[in-house]
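Here is a friendly walk through a protein model. Take a look at the picture first, then read on.

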Number of protein chains: 2
Amino acid sequence: MKPIRAELLTIGDEILYGQIIDTNSQWMSAELDKAGIKIIRMTSIGDEEQEILTAFAEAERRADIILITGGLGPTSDDLTKPMLARYFNCEMKLHEEALKEVTAFFNSRGRELTETNKLQAVLPVCCTKITNPLGTAPGMWFEKNGKVFMSMPGVPHEMKRMMIDSVIPKLKEKYKPAAIVHKIIRTIGIGESVLADKIADWEKALPPHIKLAYLPSIGEVRLRLTGLGNNEILLNEEIEAISNKIIPLVGEYIYGYGEEKIEEAIGRMLRERSLTLSIAESCTGGYVSHLVTSVPGSSQYFLGSMIPYDYQIKMRQLGVKPEVLEQHGAVSEATIIEMANIVRAKFNTDIGVATSGIAGPGGATPEKPVGLVWIAYSDKHHTVTKKLQLSTDRLLNIKAASVALLNLIRTSLPARHVG
Amino acid sequence: MKPIRAELLTIGDEILYGQIIDTNSQWMSAELDKAGIKIIRMTSIGDEEQEILTAFAEAERRADIILITGGLGPTSDDLTKPMLARYFNCEMKLHEEALKEVTAFFNSRGRELTETNKLQAVLPVCCTKITNPLGTAPGMWFEKNGKVFMSMPGVPHEMKRMMIDSVIPKLKEKYKPAAIVHKIIRTIGIGESVLADKIADWEKALPPHIKLAYLPSIGEVRLRLTGLGNNEILLNEEIEAISNKIIPLVGEYIYGYGEEKIEEAIGRMLRERSLTLSIAESCTGGYVSHLVTSVPGSSQYFLGSMIPYDYQIKMRQLGVKPEVLEQHGAVSEATIIEMANIVRAKFNTDIGVATSGIAGPGGATPEKPVGLVWIAYSDKHHTVTKKLQLSTDRLLNIKAASVALLNLIRTSLPARHVG
């Protein structure tokens, strides 16, 4: 059967000039792929009338679905809406419901609607308005000769919410794409090539209608199994059976499935065990705490953190013994053990964890290079430490050390019945 | 005068399926823009013969320069080289110098050249080989009717080296492009449409060769002026004069120019004043500290943070008076003032700042809805508070409150001579 074909069209000079990176296209194509819709092309064009009209016509010739982002602001350089009106040859009019939504959006923030804001509610009469719960520019859904043009704001969180709540469900309803089943297996603490070696035989034995992709990110590799077929139930069972066969090979590195991130998995494990957590983070500078608190409901198990960035604060506020710091330095196993134990005691939590390292670019010595990080986990049963040697990139080191600490929590927590 | 027009063409299924993000295009367009070459379109297509040939022909009709990345590996799904040979109608032949380079590349890494590797040195006879010092796939430069097709590997560091060493110098020599000048004005704490209203007359008065774009992100709007002309020095002066005229209109919202982010601007301002900072963050959960410590050298002015997420920790660890918490609640002006003052005193810093709010989705009451956040700034001269009403999205609230706090630091810091 013929796949449903979609194109992504990004409008805005800021991408063409290299001033912002287009992260929307990757997110959208991954989501559409999961929905069984094939992306055949991604195009970025600038804020120019003729370019936009030509791109619309070209995309319409090739694809069933044209998803447009960007160029929806209320200012004069935003051309997407007037060009869509011209392309579909229909007039623009104030949309009463859209106006109510924009007004409510401003009121909820205690702000007055300006004349410029009001223009956001003026839409081509031939489109269906799609609500934008997180912003002021509504989405616009056009249909013509069985093809769909869908225009969304370029602001990532507005676009994502609109895609998940409205656009993908509407596209699935209209096109009823073939069954695609994805299963994501989330691994952590193992590199892509070592992982590939360990599962090479299993990968070779995959049937032709089930494909495997490696999706690496900082500290993690997700494995995605994708099956294509006519019977979704059978396909689900088959993928389930195949994914179970990987557990004897790399089970210790698997922390979850699907969309659950490591910080969410940690939250689930802490809740299941009724345990509380506190954090003393130095080189990660707040990023571990940010990951932990990005999870809704984290206040159930996360009580607080100390970020003793400065040497004096490590002693005076956190309470690391001066002789330990003087003898071993801030980036050492002795200090990291102190940090994890002290924060656990001070904050009166079941678990205390800590980071200390040299994120770079400054602060290195011959014995302690940029990228050297110590992490520790402490509970009433044991204290576990780990030494990491990361990269020379500051932000990468902050993120990789944070993910490594979350993984240390995962592997060090007591079994469920013990907690 | 007509600008030199370039298109970027990325070939490879992995980008279309959303498995990797295309960072090359942003880097290339920023570099080409600096060289005075205008990018008119970026396109990503998959590993399909007909798609590739069609994209070549379309790009040739529109642009002077077509820069191609990806699809140059030695495996059968890499189609760029055979499609270029077919498009330019010329045969493929072993290129002796390319073979020497590939052999030397392998030898330098102590590896033997395989038959598959050797294929990397087989090139269409109608191209000029461009050396790839960091990899095995040479670049290929084609000319036809005054237009240039340039094919490069998709591996970012190989492409970047080739662009800087060979491609951009060759393009400048061939096309002698006109000058393009950009200036970015960074504003914070003012919405896009209010900003647009305030500068409407200034915007209308811009000469036709200077364009304005609004680039919004969470809590910020950057304004980009782009001028095109023959004399770069005069153009720079003109843009400078125009950008100065905006200061009387919205100067209080401008925190910097160019690439400097708000957390970098705060760092610069603190260093200039020799002031130190500590943070007590509750609802932002570490994100403010992460932004501050993402800046290299932040340990010069940032001493540490406390994240008193739990109610008890706010009292026992930070030291907020129980009667203040009981009477006003954790999310209140009285508590936020305490938090900022106490962290400043405890950490012995010049400045203390704090956040407390309801990030959501839980924790709201009728009087204190999701998105309500109090922020505070404290130094020896004064304490400044601000109440925010943000959105219903947890992550957005965390980020928007953090940016608002950084802006509160900016607007509350003593003037330079006082510090």
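## A residue and its neighbours

Leaving aside its neighbours within four places in sequence, A:A376 is in contact with A:I336, A:I337, A:M339, A:A340, A:V353, A:A354, A:T383, A:V384 and A:T385 (contact means C-beta atoms, placed from the backbone, within 7 Å). This is a predicted model, where local features need pLDDT of at least 70 and side-chain atom pairs count only at pLDDT 80 or more, while totals for chains, interfaces and linings use all residues. Residues are numbered from 1 along each chain as its sequence is written, with chains lettered from A and ligands numbered from 1 in the order in which they are written.

## The nonpolar core

A:A376 also belongs to the largest nonpolar core, which has 107 residues; A:A340, A:I375, A:A376, B:A340, B:I375 and B:A376 touch the most other members. Such a core is a set of buried Ala, Val, Leu, Ile, Met, Phe, Trp, Tyr and Cys residues joined through C-beta atoms within 7 Å, and buried means that 20 or more other C-beta atoms lie within 10 Å of a residue's own.

Which helix gives the most to this core? With nine residues, helix α17 (residues 394-412) of chain A does (helices are DSSP runs of H or I, at least four residues, and strands of E, at least two, numbered from the N terminus).

## Where the chains meet

In chain A, 64 residues are in contact with 62 residues of chain B. Strand β2 (residues 37-45) of chain A supplies the largest share of chain A's side, seven residues.

Strand β14 (residues 302-307) of chain A also pairs with strand β14 (residues 302-307) of chain B, in the antiparallel sense over three bridges (pairing needs at least two DSSP bridges). Here A:S305 stands opposite B:I307.

Conventions. Buried ≥ 20, exposed ≤ 12 C-beta atoms within 10 Å, placed from the backbone. Contact = placed C-beta atoms within 7 Å.
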